[in-house]
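Reader: Hi! I'm new to reading protein structures, could you walk me through this one?
Author: Happy to, let's bring it up.

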Amino acid sequence: MESKDQIANIAQQLFLKYGVRSVTMDDIAKKLGISKKTIYQYFADKDEVVELATLRILEREKQLIEDIKNRSENAIHELYLITRYIRQHIVDVNPSILLDIQKYHRGAWEIYQNFKDSIFLQTVESSIRKGIEEEYYRADINPKILAKLRIEQQHIAFDDQIFPKNEFDWTEVQLQIFYNFCYGLLTPKGVELFENYAKTLTTHAAKN
């Protein structure tokens, strides 16, 4: 017997790969090898499935952020770890997922907005303040403004009207936006260290 958590886990995998709108309850049931009726024993409708899957995805992202913060040696190393994550994992994510949630699943979108405001913004702002204290980031920037900018840049990268999937490689879009943001933060000292880490990333990618 599949549990509610197992159903949400499979739904999460399908949503990340194919987007939310294109995945039906039949698709989820087929993937699990169960009837759609069984899913409805746990969930009233697709909205509830999307909400729980969204929460799970965001909790995973929160854990990832905490892991990167705990592993990082400094603010620049944190940027390096984020860059490595984008290169290794973001390619598996369907860029339509965020806009699908925004357009068609209000409850899930509210969950995302709450996470964005209560966790993601604070985390980015804290990281920027750390970089300023370490003198890797410019002292004249406003951490609150730049944190909001970074979050909204990520949202823009998901927008298929701005970056159509048939014209742009989504991983490249994410990396270009991220690098542009980073260089806007960095002092000369920060640039030197960031580029040293970047060389390490390039060498690692070449070997693999």
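Reader: Thanks! Is R129 buried, exposed or partly exposed, and what is its relative accessibility?
Author: This is a predicted model. In it, R129 is partly exposed, at 39% relative accessibility.

Reader: And which residue does R129 meet in a salt bridge?
Author: The side chain of R129 meets that of E125, 2.9 Å from N to O. The two are four residues apart in helix α7, so about one helical turn separates them. E125 is buried, because its relative accessible area is 16% and the cut-off for buried is under 20%. Salt bridges with shared partners also join E125, R129 and K144 into one network.

Reader: Nice! How many salt bridges are there?
Author: The count comes to nine. Another one pairs K116 with E152, at 3.2 Å from N to O. K116 sits in helix α7 (residues 106-133) and E152 in helix α8 (residues 143-158), so this pair ties together parts 36 residues apart in sequence.

Reader: Are those two buried or partly exposed?
Author: K116 is buried at 11%, whereas E152 is partly exposed at 36%.

Reader: Switching topic: what volume does the largest pocket have?
Author: About 170 Å³.

Reader: Which helix gives the largest share of its lining?
Author: Helix α6 (residues 97-104) does, with four residues. The lining residues include L99, D100, K103 and Y104, along with R21 and F158.

Reader: And how many of the lining residues are charged?
Author: Six are charged, with three nonpolar and two polar.

How values were computed:
Residues are numbered from 1 along each chain as its sequence is written. This is a predicted model: local features need pLDDT of at least 70, side-chain atom pairs count only at pLDDT 80 or more; totals for chains, interfaces and linings use all residues. Side-chain values use heavy atoms; hydrogens and water are left out. On a 1 Å grid over the protein atoms alone, a cavity is a set of points where a 1.4 Å probe fits but cannot get out, and a pocket is an open set with protein on both sides within 12 Å along at least five of seven lines; lining residues have an atom within 4 Å of a point. Grid points are joined across faces, edges and corners, and a volume is the space filled by probe spheres set on the points. Ala, Val, Leu, Ile, Met, Phe, Trp, Tyr, Cys and Pro count as nonpolar, Asp, Glu, Lys and Arg as charged, and the others, Gly among them, as polar. A salt bridge is a side-chain nitrogen of Lys or Arg within 4 Å of a carboxyl oxygen of Asp or Glu. Buried means under 20% relative accessible area, exposed over 50%, partly exposed in between (1.4 Å probe, protein chains only).
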